[in-house]
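I open this page to keep track of what I looked up, entry by entry, with each cut-off written beside the term that needs it.

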Amino acid sequence: MFQVNQPEQEKGSLMDIFVRRPVVTLVLSIIICLAGLWATTKISVLQFPKIESSSLVISTNYIGASASVVQGFVSEPIEKVAASVPGIEYVDSVTNSGHSKVTAWLKLNENSTHALAELNARLSQIRFELPPGAEDPVISVSRTDRPFAVFYLNVHAKNVSRSQLTDYLTRQVNPIINSIDGVQRVGIEGGRTPAMRVWLDADRLSVFHLSAEEVYNALAANNTIATLGYSENKRQRIDIIANSQLSKTSEFERLVIKKVDDTVIYLKDIATVKLGSEEASVTARLDREDTVYISVWPLPGANEIAIGDRLYQVLEQVNASLPSDMSIDFAYDGTLYMRDALKEIFSTLAETVILVGLVVLILMGSFRSALVPLVTIPISILGAVAAMLAMGFSLNLLTVLAIVLSVGLVVDDAIVVVENVARFMRQGMSKTQAALLSSRQLLVPIISMTLTLAAVYAPIGFLSGLTGVLFKEFAFTLAIAVIISGVVAITLSPIMSAYVSPRCDEEGWLTAKVNSIFELVQHRYAALLTRTFHWQGQIFLVALVISLLAIPFYLFSAKELEHHIV
């Protein structure tokens, strides 16, 4: 029987406080669990890790100019300014007749807010270089990691034109949806912005000796918001208001274009005026019919599932207040796949915990002894979730996968502790003595095992580029779960093992049977190891040959990520 010398028994350790003061151990474990439970209510739920990958889109209209003119006088100056902004990786542009679109692509994980502010400041410095007829550049931020919205809502409306529908949704529905926490913006896809269409008659213009420019100037001069001041006396002050902005078709038709002698030329004399919509560039269709979508774009890192749940509730309220001939439903919900994937991976987590528990139970032969490593699993997982929230991680497919993989790793240290405590108790030691001696003996090995496992996975999180960003949360979540399991193994497992492990005369028949099997395996392994020592040279030679074979196997194996330098 193995005997422990007296100096080793009397030698104290810093971790003895967790055995002599079980309350401290319980409080530490409870704090970890409570922190993890609180973190589960606050952590973001995403499909993949948050990636700050954005582009700044600069749109400029120069009505009437050819593509070459827009390219030379609008696109090129804006390209030079955009390329000089810190954090911009590269710039491209698309120029059409009357329109310039310059896209500045940011580097990975570059702060888009700072880049947007810097680009705005630099564009204002070159505004005088742009042609006088060009409109001010409009900058929008686009997520390159998610070029499309997460939710698309289909709007059903009968006997309503798309321009009227667009105006109603913009005023009445979009502000309600935009107020949902985590929504970045709400757009209208396939809509038609209301506009007054003026169709000039070339023959009539020729008769009255008018040009299109004169008509445009008359429209711009007469359809304005005028401020006329106010009238004031000692007792009151009255603002003078003039209704100078045109809104109806009849008002536009009576607009004076020119007065020749005693003849007044109205807009209706030279043009046809109709209330219509702006020229459409996008048409939305569903089931082979034209429709209008409401697109919902979440903020980067926002909890998209929580946004979806809230959107369903808001949509019920909105539908109740809509006109009888109008309704809104979901055409596309980007979180459905995410929900199914997370549900599947959480079911895999539950299956993993059950399988690990059964294996531990069978190999330990005692349900009470198996509780020690099984308790480590939820504590380590909850601690990992708390650490994920503190580090700004999200609950996504990769981090949940890391938690699933950690289930088989976090029980190792606890199994070693409970086996060591049970062995000492079979030798006749008391519960406290067995727990103290086991914690002292296994302190350094457990720390070494834990740090070794963490050191294997942590470097993956320091990879550069898109791969590093994707697997950073996976690697650190796995490493943190292993570290927390090590903390549990040197704090909670010794004293818990002492209370659940039976004495030698109290062991059940299954525990005795399992112990006898392992003792038989131990003796046979010792005999095999003794015979192996007589063949040390041959064993080293075989190990060396197998190790060297790794070189040709690697060189001649097929590689999908190999870079070819030309």
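This is a predicted model: local features need pLDDT of at least 70, side-chain atom pairs count only at pLDDT 80 or more; totals for chains, interfaces and linings use all residues.

Entry 1, one serine. I began with the neighbours of Ser-493 and found that, leaving aside residues up to four places away in sequence, Ser-493 touches Val-372, Thr-376, Ala-414, Val-417 and Val-488, a contact being heavy atoms within 4.5 Å. Ser-493 belongs to helix H16, residues 465-500, where helices (H or I, at least four residues) and strands (E, at least two) are DSSP runs numbered from the N terminus. I then looked up its cover: Ser-493 is buried because its relative accessible area is 1%, with buried meaning under 20%, exposed over 50% and partly exposed in between (1.4 Å probe, protein chains only).

Residues are numbered from 1 along each chain as its sequence is written, and side-chain values use heavy atoms, with hydrogens and water left out.

I found Leu-26 in helix H3 (residues 22-42), and I list Leu-26 as partly exposed because its relative accessible area is 47%. Leu-26 and Met-496 are 470 residues apart along the chain, yet I read 9.9 Å between their C-alpha atoms.

I counted 18 helices and 15 strands in the protein chain. Its radius of gyration is 37 Å, whereas a compact globule of 566 residues would have one near 24 Å, the radius being taken over C-alpha atoms and the globule rule being 2.2 Å times the number of residues to the power 0.38. Along the principal axes, the C-alpha atoms fill a box of roughly 125 × 65 × 55 Å. Buried residues make up 38% of the 566 residues, and among contacts with a separation of 6 or more, 77% join residues 24 or more positions apart.

I looked up its lining, which has 20 residues, with Ala-195, Met-196, Arg-197, Tyr-216 and Glu-278 nearest the centre; a pocket is an open set of points on a 1 Å grid over the protein atoms alone, where a 1.4 Å probe fits, with protein on both sides within 12 Å along at least five of seven lines, and lining residues have an atom within 4 Å of a point. Strand S7 (194-200) and helix H8 (212-222) each supply at least two lining residues, and S7 gives the most, with 7.
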